[in-house]
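Please look through the sequence and the structure shown below before reading on.

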Amino acid sequence: MAGNRAATPVQRLALPLVCMGAIVVLVYLMKLAFALPTTELDGGLEAADGAGTVFQLADGSHFPGEGKIRIGEEEISVQRIDAKGGKVQSGKDTVLNPNRFKVLERGVNGVAPANHAAGAAVSQVAKGLFFPENNSSFGDQVDELFYLILWITGIAFILTEGFFLYCIVAFWAKPGARSAYTHGNHRLEMVWTVIPAVILVALAVLQSGMWTEMKMSAPSATEPGVVTVQVVAKQFEWNFRQAGSDGRFGTQDDIPSTGRLVVPVDTPIRIELRAQDVLHSFFLPEFRVKQDAVPGLSVPVWFKAKRPGTFQIMCAELCGLGHSRMGGTLEVKTKEAYAEWVATESTKWNGENDGTDRPDWYGVQAKIWWWWDSTPTSVGFTGESNDRKRKS
Ligand code: CUA
């Protein structure tokens, strides 16, 4: 850099302009990445075509392997399939099978399924910039807090970066100018320490009610109308046990399952979460629920689903080589359908377990529930105190 020659305005602004240009290009690339494809129905879809119906899109090559599409007012949950009906997720298979889709669920946005003619416009339903759909009673508060923090940090980012760019231009080297040395400004430093501190304390106070509701107020298992599910995380699967029709755990009509959790809509669900080997994290993205499963503790988790449907269960704690495939499905059923499911499953297990010994009741999960029933947990700080809090 020529220190003894005055920089032209163009030279002074070159760096800030290049920076801003880079940001604009980045935002444009992000917009491209988030752009939602549209196409047309190739062949009609009748109102009566329910789950399992196969249909074609004129050009579905940019649609995701699984997601929601919108035709008219109706949103439909769909999955891309190959000629044999198998799930097509990504890569070369997508290129070979761009247009065949299977209906998973009609009218997922509550709009009744309608007849859609061939050629009807089809668009992919936005998942939001950051979040999947929220389906839990407390999820909106969580999202609001996220966006509030994003606004605060976003404004702080723009102010500080703007000042930074201003300084680059204003304090550019001038001929004959000497460096100024400073030991700082005490008052200024106090200000930029106190302001963030006040914001952090305000956020902490603001979110405390929500934290209490989410994390400290799990309904107790004895409360009427509460559905309790016992969950064991182990490398690399989620195991569930629900009381059968008798409403009690440890009896022969218990319903065990791996990777699939079925619960009723609009009902407090109490999850009792334990881990058998290492740390895992029980993550329901659509319910804004994420809780570590800790060996030795039984941690209560709760949520209440807003609508029926099929959702994801994930593990959000790196727990080993199989971590990324440690997932499952959460099925939220209507209260009637759930009661029916419990009755059917309960009868099935009751019949299978009739006359057999207790250790055989849970099939491949026998060891897991034997372990649950015979291994005490140390008193989790969450476990005990939560229940006490509810009762008082
Ligand atoms: Cu279990 Cu990651």
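Which residues point one way from S14, and which the other way?

## A buried strand

The model discussed here is predicted. In it, Val299, Val301 and Phe303 point one way from S14, while Pro300 and Trp302 point the other way, and all are buried. With 5 of the 5 residues of strand S14 (residues 299-303) buried, this strand is largely enclosed by the rest of the structure.

S14 is joined by 5 bridges to strand S11 (residues 269-275), and the two run antiparallel. Within this pairing, Ile269 has Phe303 in S14 as its bridge partner.

## Nonpolar cores

The largest nonpolar core has 32 residues, and of these Val231 and Val301 touch the most other members. When its neighbours within four places in sequence are left aside, Val231 is in contact with Trp238, Asn239, Phe240, Ile271, Glu272, Leu273 and Phe282. Another core lies apart from this one; it has 10 residues, including Leu45, Phe55, Leu57 and Val108.

## The open sheet

An open sheet is formed by 5 strands in the order S10-S16-S15-S12-S13, and its pairing is mixed. At the edges stand strand S10 (260-264) and strand S13 (289-293), each of which pairs on one side only. On average, and with direction ignored, neighbouring strands of this sheet are turned by 20° against each other.

Inside the order, strand S12 (residues 280-284) pairs with strand S15 (residues 309-315) in the antiparallel sense over 2 bridges, and Phe282 has Cys315 in S15 as its bridge partner. Helix H5 (residues 335-353) packs on the sheet, where it touches S10 and strand S16 (328-333), and the direction of H5 makes about 130° with that of S10.

## The barrel

Elsewhere in the chain, 6 strands close into a barrel in the order S1-S2-S5-S4-S3-S6, with antiparallel pairing. From one strand to the next, the twist averages 45°. As a general point, strands of a sheet pair through backbone hydrogen bonds, and they do so either parallel or antiparallel.

Strand S2 (residues 54-57) and strand S5 (residues 100-105) pair in the antiparallel sense over 3 bridges, and here Phe55 stands opposite Phe101 in S5. Strand S3 (residues 66-71) pairs with strand S4 (residues 74-80), again in the antiparallel sense, over 6 bridges, with Glu66 opposite Gln79 in S4. The hairpin of S3 and S4 has 2 residues between the strands, and in this hairpin Gly72 takes a positive phi near 60°. S3 is also joined by 3 bridges to strand S6 (residues 121-124), the two running antiparallel, and Ile71 stands opposite Val122 in S6.

## Two helices side by side

How are helix H3 and helix H4 packed, and at what angle? Helix H3 (residues 139-170) and helix H4 (residues 186-216) pack at an angle of about 170°, and their axes are 11 Å apart. This angle makes H3 roughly antiparallel to H4, because angles over 145 degrees count as roughly antiparallel.

On the side of H3, the residues Gln141, Leu145, Ile149 and Ile152 meet Ile199, Leu203, Gln207 and Met210 in H4. The residues of this contact of H3 with H4 divide into 6 nonpolar, 2 polar and no charged.

How values were computed
Residues numbered from 1 in each chain as written. Predicted model: local features only at pLDDT ≥ 70, side-chain atom pairs only at ≥ 80, totals over all residues. Pairing = 2+ DSSP bridges. Helix = DSSP H or I, 4+ residues; strand = E, 2+ residues; numbered from the N terminus. Axes fitted to C-alpha atoms, helices over the stretch in contact; angles between N-to-C directions. Contact = placed C-beta atoms within 7 Å. Parallel < 35°, antiparallel > 145°, perpendicular 65-115°, else oblique. Nonpolar A, V, L, I, M, F, W, Y, C, P; charged D, E, K, R; others polar. Core = buried A, V, L, I, M, F, W, Y, C linked by C-beta atoms within 7 Å. Buried ≥ 20, exposed ≤ 12 C-beta atoms within 10 Å, placed from the backbone.
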